Amino acid sequence: MPSLAKHSIQQRRNKIMSAPVETLKNKLIQQLSTIYHDVELKQSEAEIADSLLDVMRLSSDVDSAKPFTNHWSEADIVLITYGDSIIQKAQPPLHTLKKFLDNHIKNTINSVHILPFFPYSSDDGFSVIDYSSVNESLGTWHDISAISQEYQLMSDLVINHCSSRSVWFDNFVKGEGIGHDFFFTAQLDDDLSHVVRPRTSPLLKEVMTGAGQKFVWCTFSHDQVDFDFRNPEVLKAFTSIIRQYLDSGVKIFRFDAIAFLWKIVGTSSINLPQTHEVVRLLRTLIESADPKAIIITETNIPNTQNLTYFGNANEAHGIYNFSLPPLLINTLLTGSCLYLKRWLMSMPPSQDGTMYFNFIASHDGIGLRPAEGLLSDDELDSLIHTVENFGGKISWRTSDTGEQKAYEMNIALYDALQGTVEGKDQWNFERFICAHAIMFALEGVPGVYIHSMLGTQNDYKKLSNTHHNRAINRHSWQEDALEAALANNDLHHAKVLSTLKALLDTRIKQPAFHPNATQFTLHLGLQLFGFWRQSQNRKQSIFCISNISNEPIALPLSELNLIVTEAWHELISGEEITELTQELMLAPYQTVWISNNTVTDKSSL
């Protein structure tokens, strides 16, 4: 960006230091001053704040959202799906999706994350051409609205980059119009050696524009061109997008790839202070427009870095618990919970107003960066080798030393759990259910991938057609084929769906499974993984114990210190526990939820 001297940095700082901070406008001014503290601006922070308030249709003196407020409960479950995960000829896929939701999961799952449903040019939606339109191959805003009226809608805000085929980037190439100054550029001789990369492609893309040769920053691919948030017009544009999404019924915003938002040549250009402040500012605007709307940051980075996106309960409401998938899968493939237990013991409880977003599988692969420092190199190598033996693929990134390192494992979760490090065995279904029983009980809100709910397996045809590793876990079911599979008792799909629904139906009735309820890790050896949950009013305790091995293991109830004056039940089987000194024999990969206060109809696996 050119240097703009109308409002010098020092002049702006002097005005801001003397301004009160009680109103929403003054809060925005303070946040803007942090974001742009070393950027010359055409407008003052006060003028930018006025523009943001106008776009969001907010008064400058509106009350701030009440801090440390939980907008979620044990009843909240999110289904993760593409708009075309289920398709039917001559029917908009979003219409087909809603029919599946209504017919199969409506009474169990109350929230739906529809992955980018906008026109796009690559990366299955994450290279957005037009943020304001619904991809016509999926349906219309009417179809989105129909889903949002029945379910809490979660949508992606693909905020780091857009498609190189967008109008904004076309204007950048022409050097005129909206977008002509929206994109981050660097020079070939800049020091980019410290930039953290999630891909192996070259960082800079050469583009001939109306203003001459430019080298555009591309964190992910050359079709995904990165925005330059040093320009406040980019912030205003995304504020307008957020307002439209709120108007369309979006309640949960997933900030995609947010860690890479702010770039500074000569640095790592990841997790920079300005990025965190942008998250805080957008939270201020979103909460002021809808106090119950929430932000979840998608930061596929090492665990300690990921945790910083909570801020002081003033950044993300939720963070993706990215370390859980590789650690949990490693536990079930090795038959040892050593690393998973160490990690769980080190995790801070989420403050009120924040929560972990737990998942095991998603549209992306199983990230390995979040396991760095948690799994040893030998453990990671064994995990990668096992997944490859089960038909999975490995995606790579370039480290800051130029080394090629495994970035993620691409495989359908059902196939990832078809055996152990020793090879395939007969416990595929049980191991798969065990993984979910653990995840459903952990502190946080569960997110379940639609292909986990359906037990979908590796899609080698789609992988072959696209040559993209992630396609292996992005199957599109024909509706008739799916219904036939669910009706066929010889297949595992119906059994997976009914079993996971039974677990969730039990979970959503337990106060001890509130996302912010107390959690303590139990010490029961390496083959039994367990933790204790207690409701916020302390009336309900649930001991969640899983046999993560392929051998029967005895669980001595005396190890749990169950209070003798309470009546205890095992929630999953519905059985009453009458003898507190007995041993429970857990079958391979069996989970028990032992509660003193049964708040559910008895259900069983």
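Reader: Which residues does T96 touch, leaving aside those up to four places away in sequence?

Author: In this predicted model, T96 touches I86, I87, Q88, Q91 and E479, where residues up to four places away in sequence are not counted. T96 itself lies in helix α4, which spans residues 93-105.

Reader: Why is T96 called buried?

Author: The term applies to residues under 20% relative accessible area, and T96 has a relative accessibility of 0%, so T96 counts as buried.

Reader: What makes Y589 buried or exposed, and where does Y589 lie?

Author: Y589 lies in the loop between β27 (583-586) and β28 (591-595). Its relative accessible area is 4%, which is under the 20% cut-off, and therefore Y589 is classed as buried. The phi of Y589 is near 65°, a positive value in a residue other than glycine.

Reader: Why is D123 not placed in the class of buried residues?

Author: D123 has a relative accessible area of 26%; because buried means under 20% and exposed means over 50%, with partly exposed in between, D123 is described as partly exposed. D123 is found in the loop between β3 (111-114) and α5 (141-148), and D123 has a positive phi of about 55° although it is not a glycine.

Reader: How do you know that the radius of gyration of the protein chain agrees with that of a compact globule?

Author: For 605 residues, a compact globule would have a radius of gyration near 25 Å, and the protein chain has 25 Å, so the value agrees with the rule. The C-alpha atoms fill a box of roughly 80 × 55 × 50 Å along the principal axes, and buried residues make up 60% of the 605 residues in the chain.

Reader: What makes a set of residues a nonpolar core, and which residues have the most contacts inside the largest one?

Author: The name is given to buried nonpolar residues joined through side-chain atoms within 4.5 Å. The largest nonpolar core has 170 residues, and those with the most contacts inside it are Y131, F227, F238 and W593. Helix α14 (residues 428-441) gives the most to this core, with ten residues. A second, separate core of 17 residues includes W532, F543, I545 and I594.

Reader: Which residues does F238 touch, not counting those up to four places away in sequence?

Author: With that exclusion, F238 touches Y131, L157, V158, I159, W168, F227 and F229.

Conventions
Residues numbered from 1 in each chain as written. Predicted model: local features only at pLDDT ≥ 70, side-chain atom pairs only at ≥ 80, totals over all residues. Heavy atoms only, no water. Rg over C-alpha atoms; globule rule 2.2 N^0.38 Å. Buried < 20%, exposed > 50% of the residue type's maximum accessible area, 1.4 Å probe, protein only. Helix = DSSP H or I, 4+ residues; strand = E, 2+ residues; numbered from the N terminus. Contact = heavy atoms within 4.5 Å.
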